[in-house]
Amino acid sequence: MYAAAAQDSKSGSLGGKYLLYGLNSKGSTGAQLRYSQDREFNSVVPAQVIAELEALKKKFAAGELKVAVTREDARGGI
């Protein structure tokens with residue numbers, strides 16, 4: 001998001017309109033949250049939960065799941 005916003009700012013196209021940035025924004029490499037350098041999840045997270053999260057990640061990557069953001073989600077930030 002920051003890379004895409006910086007590029008928009010440099011080109012003069014940032015501001016005055018509603019823009020949605022995300023992991024698939026132009027110029028973004030995506031991101032992954034990790035518990036530590038060598039582990040994605042804390043050891044107390046059950047394997048069943050990890051499996052469900054992995055399945056959801058695959059659905060997002062395939063475009064099967066989408067997040068619909070509304071103006072109310074910004075909580076006055078727009």
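Predicted model: local features only at pLDDT ≥ 70, side-chain atom pairs only at ≥ 80, totals over all residues.
The chain contains two helices and zero strands, and of its 78 residues 4% count as buried. Its accessible surface comes to about 6,800 Å², with 56% of that area belonging to carbon and sulfur atoms. Among the contacts with a separation of 6 or more, 22% are accounted for by residues 24 or more positions apart. Helix α2 comprises 16 residues and spans 23 Å from its first C-alpha to its last, which is close to the 22 Å expected at 1.5 Å a residue; the helix is followed by Gly 63, whose phi is positive, near 85°.

Two salt bridges were found in a search of the whole structure. In one of them, the side chains of Lys 57 and Glu 40 meet at 2.8 Å, N to O, and this pair links distant parts of the chain, since Lys 57 lies in helix α2 whereas Glu 40, 17 residues apart from it, lies in the loop between α1 (2-11) and α2. Lys 57 also meets the side chain of Glu 54 in a salt bridge of 3.3 Å, N to O, the two residues being three apart in helix α2 and therefore separated by about one helical turn. Through shared partners, Glu 40, Glu 54 and Lys 57 are joined into one network. Lys 57 is partly exposed at a relative accessible area of 33%, as are Glu 54 at 27% and Glu 40 at 23%.

A nonpolar surface patch is formed by Tyr 18, Val 49, Leu 53, Leu 56, Phe 60, Leu 65, Val 67 and Val 69, which together have about 640 Å² of accessible area. Of these residues, Leu 56 is found in helix α2 and counts as partly exposed because its relative accessibility is 34%.

Technical notes
Residues numbered from 1 in each chain as written. Heavy atoms only, no water. Patch = residues over 30% accessible without salt bridge, like charges linked within 9 Å, V, L, I, M, F, W, Y side chains within 5 Å. Areas by Shrake-Rupley, 256 points an atom, 1.4 Å probe, with all protein chains shown as cover. Salt bridge = Lys/Arg side-chain N within 4 Å of Asp/Glu carboxyl O. Helix = DSSP H or I, 4+ residues; strand = E, 2+ residues; numbered from the N terminus. Buried < 20%, exposed > 50% of the residue type's maximum accessible area, 1.4 Å probe, protein only. Expected span 1.5 Å × (residues − 1). Contact = heavy atoms within 4.5 Å.
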